[in-house]
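Hi everyone, thanks for coming. I'd like to walk you through a structure today, so please have a look at it while I talk.

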Amino acid sequence: MMVWKLIAQRVVLGILLVMAVSVLVFVGTQILPGDVAQSILGHSATPVAIENLRKEMGLNDPAYVRYFHWLFGFLHGDLGTALTTKLDITTSIKERLWNSLFLAFWAAIVSIPLAIILGIVAVQYRNGPIDKLISGFALASASVPEFFIGYILVLFFAVTFPIFPGISMVYPGMPFLAKMQAIALPCTTLTLGVLAHMMRMTRAAILNVMQSAYIETAELKGLTAFEIIRKHAFPNAIAPIINVVTLNLAYLMVGVVVIEVIFVYPGMGQYLVDHVAKRDVPVVQAVGLIFAAVYIFLNVVADVASILANPRLRHPK
């Protein structure tokens, strides 16, 4: 009963947080300087045309009426119509959301096992040259901004040695291998962006367990370092590792914005940036809330996974 109560609390808090973020997203787009109708029609528009557009967009209604109308539509899958293209936002987002998920999925498939393996190897050879090499690589990777890593990869692997395309264009019906080649550079950039954090946390979690008394008992039994880590240390360090992996999955989903802009990848991030420049408020609101909801959802999943994996969180006393 205690477990379900804790999980229900996390879910309710997540829902409340999404509602709070929806208010922030709506208010943030409404307090931008200038008039939306004026920016859409241009400075040469007549006052009558501007007033007609304001009525059509419902800008003359009170802010709370517009907020609840927008939120009601969002909850029912109606994200509205883009002001610049006059296209249905829900239809436009579906394909781009799939592209972003595809990129984040393959980055996770590569980065998560690699981070865990490197963390285990670093612990097995702790304080040795291999541990220092892995830790140095992780520190360097975490210190360099993702956009800089992306540009370096483009310079070497798309310009100097044209192995992969510098512009990652994908489209429906594209062959799988061609699509994998197209996302190779952005996927590598995302992997390097999250690899260091997961690897360092994996190493720290296992090292923390290695100080326990039962680890000394296992050493006295004559078990090798790898067997001790595999059978005793890693299973007992799984809770913080699951937590950090899930949090980095959330970062992968939201962090694609910068990467998609660098590689002109047709995902949610590129879609958002394009319409921010055009001040297309409905698109900005929809994409912003979707990113926030996904991030909050994955954080809730991380909390629930930690509760299920760690008995001490289920019985805090």
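Let's begin in helix α4, residues 63-75, where you'll find both W70 and F74, four residues apart, or about one turn of the helix. Keep in mind as we go that this is a predicted model. How do the rings of W70 and F74 sit relative to each other? They form a tilted aromatic pair, 6.3 Å centre to centre, with 50° between the planes. If you're wondering about those two numbers, a pair of aromatic rings is described by the distance of the centres and the angle of the planes.

Is W70 buried or exposed? W70 counts as buried, because its relative accessibility is 10% and the cut-off for buried is under 20%. Over the whole structure, the search finds eight aromatic pairs.

One more ring before we move on. K179 lies over the face of F102, at 5.2 Å from the ring centre.

Now for the salt bridges; how many does the structure hold? There are two. In one of them, the side chains of D303 and R10 meet at 3.9 Å, N to O. D303 lies in helix α15, residues 281-309, and R10 in helix α1, residues 2-30, so this pair ties together parts that are 293 residues apart in sequence. D303 is partly exposed, with a relative accessible area of 34%, and R10 also counts as partly exposed, at 27%.

The side chains of D131 and R203 meet in a salt bridge too, at 2.8 Å, N to O. This pair also links distant parts of the chain, with D131 in helix α6 and R203 in helix α9, 72 residues apart. Here both D131 and R203 are buried.

The structure holds one cavity of 30 Å³ or more, and about 40 Å³ of space lies in the largest cavity. Which helices supply at least two residues each to its lining? They are α6, residues 129-143, and α9, residues 184-210. The largest share, four residues, comes from α6. If you want to find the spot on your screen, look for L118, I134, F137, A138, S141, L195, A196 and M199, which line the largest cavity. By type, that lining divides into seven nonpolar residues, one polar and no charged.

That's my tour, and I'm happy to take questions.

How values were computed
Residues are numbered from 1 along each chain as its sequence is written. This is a predicted model: local features need pLDDT of at least 70, side-chain atom pairs count only at pLDDT 80 or more; totals for chains, interfaces and linings use all residues. Side-chain values use heavy atoms; hydrogens and water are left out. On a 1 Å grid over the protein atoms alone, a cavity is a set of points where a 1.4 Å probe fits but cannot get out, and a pocket is an open set with protein on both sides within 12 Å along at least five of seven lines; lining residues have an atom within 4 Å of a point. Grid points are joined across faces, edges and corners, and a volume is the space filled by probe spheres set on the points. Ala, Val, Leu, Ile, Met, Phe, Trp, Tyr, Cys and Pro count as nonpolar, Asp, Glu, Lys and Arg as charged, and the others, Gly among them, as polar. Rings of Phe, Tyr and Trp (its six-membered ring) pair if their centres lie within 6.5 Å; planes under 30 degrees apart count as stacked, over 60 as edge-to-face and the rest as tilted. Buried means under 20% relative accessible area, exposed over 50%, partly exposed in between (1.4 Å probe, protein chains only). A charge sits over a ring if NZ of Lys or CZ of Arg is within 6 Å of the ring centre and within 35 degrees of the ring normal. A salt bridge is a side-chain nitrogen of Lys or Arg within 4 Å of a carboxyl oxygen of Asp or Glu.
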